[in-house]
Amino acid sequence: MTQWDRLRQLPPVYIQQLHELYDRDGLPMDVRHYLSAWIEKQEWQRAARDHDFAVVLFQVLLENLDIQHSRFVQEESFLLQHNIRRYKQNFQRYLDEPCSLATAILWFLEKEKEILASADLAEQSILSDINKVLDWTDDLINLLVKKELVEWQRRQQKACIGAPDNVCLDQLEKWFTSVAECLFQVRGFLSKLEELSGKVSYENDPVKARRPALQKRADTLLKELLKSAFVVETQPSMPQGKGPLVLRTNVQFSVKTRLLVKFPELNHSMKVDVSMDRYRRFNVMGTTTKNLNMAESQNGGMVADFRHLVSDNDFKGKKSSVATEETISLSVTEELHLIYFNTVFELKGLAVGMQACSLPVVIISNSSQQQSAWASVLWFNMLSQDPKDVVFFASSPAAPWPQFGEMLSWQFLSATKLGLNPDQLEMIAHRLFGVYLCLKQPILLQENLPETFWVWFDGILFMVKTYLVDLWKEGLIMGFVSKGKEKSLLKKKKRGTFLLRFSESVIGGITFSWVETAITGEPDVKTVQPFTKEDLSQIPFHEIIRNFQLLEADNVPENPLLYLYPDTPKDRAFGKYYTEKTGDDSPYIKYIKTKLVFVSKE
């Protein structure tokens, strides 16, 4: 390609410079254009200092103008004939000074090279800027994928077990989409450069040399971003389960996936398939294929909402060949399974296979296993840093008490909107391990023992969220307080002061104790036998407190409960929950049957 041809292919800003150059006298643009090949082949630098050589080039120039004039005559180009004849006449002024003409032509050629060099430099800046954009994008993807997304996944794990963490994906979606759009723009620009270099190229063309590497890098970054952008937004859960991630065979469950790069043109075009790992021969049945769409999302995101999936035993399937499977013996509620979601992203010539997977789920076959399975879910998501570690329970780690206590508080927080305070957690810690500050997994997950810690704690949680949630949220129930602490608190208070606590011996029981004055004048703490869900399902607990009476021989029945600890009058604390009728007219009074239980000094 001649130098002149390269100049003609430059962007408009450089073409303008070329026009400004040839507005000068010395070399008409028409002559430069029609004699471009000949002009660029001559040794004008030699002619500028060698008079005889300059004379020869001058004569050849005039001859070429005559030849060009003849062509225009044949083509009947009247104006061009006129211009060429005029240019030849103007060149006659160099008849005695041909070296001056050579110097002028050489000057024009050097100025042309300066324009080309400026354009080449700008083209390499463009390419360098693209490389900088990709550097920044690489850093941004690392921040999104390795930090922001990982932190969201950890928040989701904690939210599954009750933590009040924000797991909204809207902001992540905006970030992922913006980066993806930027990379698609870079790819489009590089494709245009490839198209141009295919039409026009030259020796040492920077676009031809550097574009392929930039294209490959942009594609690699985009694929990395897209593969991380497909996530499980709502983890698998049954409608009537204790919480997410516990599934029961032959019972429907739901799960929702989301693509964090939102391109409306892909609405309904990406098909998502569901499958399960082959460990222990479970299978996913039901509607296992859905399209990502924007209609099933509250904010218009790209989601596939699976609402009618079922886990089932695949008796025809074979166990996986996981090496640890032969050496690890786990109970059903310690077996963890992953549910996979696969789709293909196709847009603007790019195709990327993507896979997301759920957090590990526990699959049970009987409702009696649900409590233990939920305990496994709690333990795994409290401690595991690897959301795909399906053999976690082969050697599960110990949990520091602050972390375990926080998880227990989340259970009340998610169920009742009020967690556990430090005093309540302290009582639980003492019940569990006295002076020890660490709890190991087997204590939480023991099976077949009805009075294990988890059975006791879960029974209380069920009772509170079913029958006592309002009283609990207002802080009227002290709840987790030991008998010894209870006595020490009440003995310092006036007669009739009482507090409400959970039974340590009756699963899902709540009782109250109050302080009396003994014959000796000393304070005497008395306790009523615990009330359970059977009692609370018939009589609201505030009505039991309102109408409670001691029936003793030779004494008029009276309610010994006067002040809720520390000193709130009973009716002020519970009055807004009372029914309109009072005393003997209360519909609940006839059902109250209590027995006085004296607590020994031990």
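The legends below describe an overview and several close-up views of a predicted model.

**Figure 1. Overview of the protein chain.** The predicted chain contains 19 helices and 18 strands. Of its 602 residues, 46% count as buried. Among contacts with a separation of 6 or more, 69% are between residues 24 or more positions apart.

**Figure 2. Crossing of helices α11 and α12.** Helix α11 spans residues 370-383 and helix α12 spans residues 401-416. Their axes come within 11 Å and cross at roughly 130°. The crossing of α11 past α12 is right-handed. On the α11 side, the contact is made by Trp374, Leu378, Trp379, Met382 and Leu383. The α12 side contributes Gln403, Phe404, Met407 and Gln411. By class, the contact of α11 with α12 has 7 nonpolar and 2 polar residues, and no charged ones. Two packed helices are described by the angle between their axes together with the distance between the axes.

**Figure 3. Ser376 in helix α11.** Ser376 belongs to helix α11. Its relative accessible area is 1%, so Ser376 is buried. The view also includes Leu245, which is 131 residues from Ser376 in sequence. The C-alpha atoms of Ser376 and Leu245 are 9.8 Å apart in space.

Figure 4. Helix α10 covers residues 206-228 and includes Gln215. Gln215 counts as buried because its relative accessibility, 12%, is under the 20% limit. Leaving aside neighbours within four places in sequence, Gln215 is in contact with Arg187, Leu190 and Ser191.

**Figure 5. Cysteines Cys160 and Cys182.** A search of the whole structure finds 0 disulfides. Cys160 has a relative accessibility of 11% and therefore counts as buried. Cys182, at 28%, counts as partly exposed, since this value falls between the 20% limit for buried and the 50% limit for exposed residues.

**Figure 6. Glu76 in the loop between α6 and α7.** The loop that holds Glu76 lies between α6 (51-74) and α7 (78-91). Glu76 is not a glycine, yet its phi is positive, at about 55°. Most residues other than glycine have a negative phi. With a relative accessibility of 70%, Glu76 counts as exposed.

**Figure 7. Lys417 in the loop between α12 and α13.** Lys417 is placed in the loop between α12 and α13 (422-433). Lys417 is a residue other than glycine with a positive phi, near 75°. The relative accessible area of Lys417 is 64%, so this residue is exposed.

**Figure 8. Cis peptide bond between Tyr565 and Pro566.** Tyr565 and Pro566 are joined by a cis peptide bond, with omega about 10°. Most peptide bonds are trans. Pro566 is located in the loop between β16 (563-564) and β17 (568-569).

How values were computed: Residues numbered from 1 in each chain as written. Predicted model: local features only at pLDDT ≥ 70, side-chain atom pairs only at ≥ 80, totals over all residues. Heavy atoms only, no water. Axes fitted to C-alpha atoms, helices over the stretch in contact; angles between N-to-C directions. Helix = DSSP H or I, 4+ residues; strand = E, 2+ residues; numbered from the N terminus. Left-handed = near helix turned anticlockwise from the far one by under 90°. Contact = heavy atoms within 4.5 Å. Nonpolar A, V, L, I, M, F, W, Y, C, P; charged D, E, K, R; others polar. Buried < 20%, exposed > 50% of the residue type's maximum accessible area, 1.4 Å probe, protein only. Disulfide = S-S within 2.5 Å.
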